[in-house]
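Work through these exercises with the structure open beside you. Try each task before you read its solution.

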Amino acid sequence: MSSGVHWKLHWETELASSDHVELASFFRNTYGPTGKFNAKPFEDGRSWAGARPELRAIAYDSKGIAGHLGLLRRFIRVGETELLVAELGLYGVRPDLEKLGIAHSIRAMAPVVEGLGVPFAFGTVRYAMRNHIERFCRDGAANIVSGIRVESTLADVYRDCPATRTEDVLVVVVPVGRTMSDWPSGSLIQRRGPEL
């Protein structure tokens with residue numbers, strides 16, 4: 001990110017209503033160009049789409065919010081193994097700063113993630129972001145794990161829709177307290193809750 005950007009970590013309980021309104025606007029403007037449906041969860045000042053994060057790394061510059069990454073500790077099931085992870089999600093960079101940020105957001109959050117006692121950070125991204133994520137993974141800080149489907153509950157329940165969704169997405173794993181050789185094998189990850 002540009003030199004005028006600074007990162008600040010916020011626990012969810014530290015955010016005021018005005019912070020959520022500003023974040024919701026940021027997400028609508030960031031996710032909206034990828035499809036109107038992608039901006040919909042952020043209407044009415046809601047600053048989360050599925051699960052609500054417990055920690056946020058937020059980048060600011062002279063124009064306001066420049067970037068965001070959320071974190072939520074949760075147990076997931078990888079194959080037959082229950083695993084505590086720090087799920088990373090709600091990643092976004094303001095459109096005028098694109099191609100300048102995921103590595104910075106992970107590094108801003110790294111000291112806190114290491115202190116949480118989780119063996120791995122985990123996240124998913126759509127295939128359209130593969131080149132972007134591969135660049136981030138080049139230095140070994142993270143790894144793309146392919147051939148895995150991810151099951152999540154939906155954030156809202158509707159009578160005429162299934163309560164869960166299984167997706168074929170890119171899984172990104174960041175070793176925190178263990179090495180990648182300790183990541184369990186399996187072709188399905190169950191989030192046991194909504195996507196972050």
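**Exercise 1.** Does Ser152 count as buried or exposed? Then find what surrounds Ser152.

*Solution.* Keep in mind that this is a predicted model.
- Step 1. Find the element. Ser152 belongs to strand β7, residues 149-153.
- Step 2. Apply the cut-off. Buried means under 20% relative accessible area. Ser152 has 2% relative accessibility, so Ser152 counts as buried.
- Step 3. Leave out residues up to four places away in sequence. Ser152 then touches Ala163, Thr164, Arg165, Arg191, Gly193 and Glu195.
- Step 4. Look for a polar partner. The side chains of Ser152 and Arg191 are joined by a polar contact of 2.7 Å.

**Exercise 2.** Where is His68 found, and which residues does His68 touch?

*Solution.* 
- Step 1. Locate the residue. His68 sits in strand β3, which covers residues 64-78.
- Step 2. Check accessibility. The value for His68 is 0%, so this residue counts as buried.
- Step 3. List the contacts, again without residues up to four places away in sequence. Trp7, Leu23, Phe26, Phe27, Arg56, Ala57, Ile58, Leu90, Tyr91 and Gly92 touch His68.
- Step 4. A polar atom of the His68 side chain lies 2.8 Å from the backbone oxygen of Leu90.

**Exercise 3.** Which parts of the chain does the salt bridge between Glu12 and Arg52 tie together?

*Solution.* 
- Step 1. Confirm the bridge. The side chains of Glu12 and Arg52 meet at 2.8 Å, N to O.
- Step 2. Glu12 lies in the loop between β1 (6-11) and α1 (17-31), and Arg52 in the loop between α2 (36-39) and β2 (55-61), so the pair ties together parts 40 residues apart in sequence.
- Step 3. Compare the two ends. Glu12 counts as buried at 10% relative accessibility. Arg52 is partly exposed, with a relative accessible area of 39%.

**Exercise 4.** Which residues are linked with Lys63 in a network of salt bridges? Describe the bridge from Lys63 to Asp96 as well.

*Solution.* 
- Step 1. Name the members. The network links Asp61, Lys63, Arg94 and Asp96.
- Step 2. Take the named pair. The side chains of Lys63 and Asp96 meet in a salt bridge of 3.3 Å, N to O.
- Step 3. Trace the chain. Lys63 is in the loop between β2 and β3, and Asp96 is in the loop between β4 and α3 (102-115). The pair links distant parts of the chain, 33 residues apart.
- Step 4. Read the accessibilities. Lys63 counts as exposed at 64%. Asp96 is partly exposed at 43%.
- Step 5. The structure holds 15 salt bridges. Another joins Glu167 and Arg165, with the closest N and O atoms 3.5 Å apart. Glu167 counts as partly exposed at 22%, and Arg165 is partly exposed at 33%.

**Exercise 5.** How many residues line the largest pocket, and which strand gives the most to its lining?

*Solution.* 
- Step 1. Start with the space. The largest pocket holds about 1,800 Å³.
- Step 2. Count the lining. There are 49 residues, and Tyr31, Asn38, Arg126, Glu195 and Leu196 lie nearest the centre.
- Step 3. Find the main contributor. Strand β4 (residues 81-93) gives the most, with seven residues.
- Step 4. Pick out Asn38, which is in helix α2. Asn38 counts as partly exposed at 32% relative accessibility. Its side chain makes a polar contact of 2.7 Å with the side chain of Thr34.

**Exercise 6.** What is the phi of Asp44, and what is that of Arg192?

*Solution.* 
- Step 1. Read Asp44. Its phi is positive, about 60°, although Asp44 is not a glycine.
- Step 2. Read Arg192. Its phi is near 65°, a positive value in a residue other than glycine.

Methods. Residues are numbered from 1 along each chain as its sequence is written. This is a predicted model: local features need pLDDT of at least 70, side-chain atom pairs count only at pLDDT 80 or more; totals for chains, interfaces and linings use all residues. Side-chain values use heavy atoms; hydrogens and water are left out. Helices (H or I, at least four residues) and strands (E, at least two) are DSSP runs, numbered from the N terminus. Buried means under 20% relative accessible area, exposed over 50%, partly exposed in between (1.4 Å probe, protein chains only). A polar contact is a pair of N or O atoms within 3.5 Å; within protein, one must be able to donate a hydrogen and the other to accept it, and residues adjacent in sequence count only if both atoms are side-chain atoms. Contact means heavy atoms within 4.5 Å. On a 1 Å grid over the protein atoms alone, a cavity is a set of points where a 1.4 Å probe fits but cannot get out, and a pocket is an open set with protein on both sides within 12 Å along at least five of seven lines; lining residues have an atom within 4 Å of a point. Grid points are joined across faces, edges and corners, and a volume is the space filled by probe spheres set on the points. A salt bridge is a side-chain nitrogen of Lys or Arg within 4 Å of a carboxyl oxygen of Asp or Glu.
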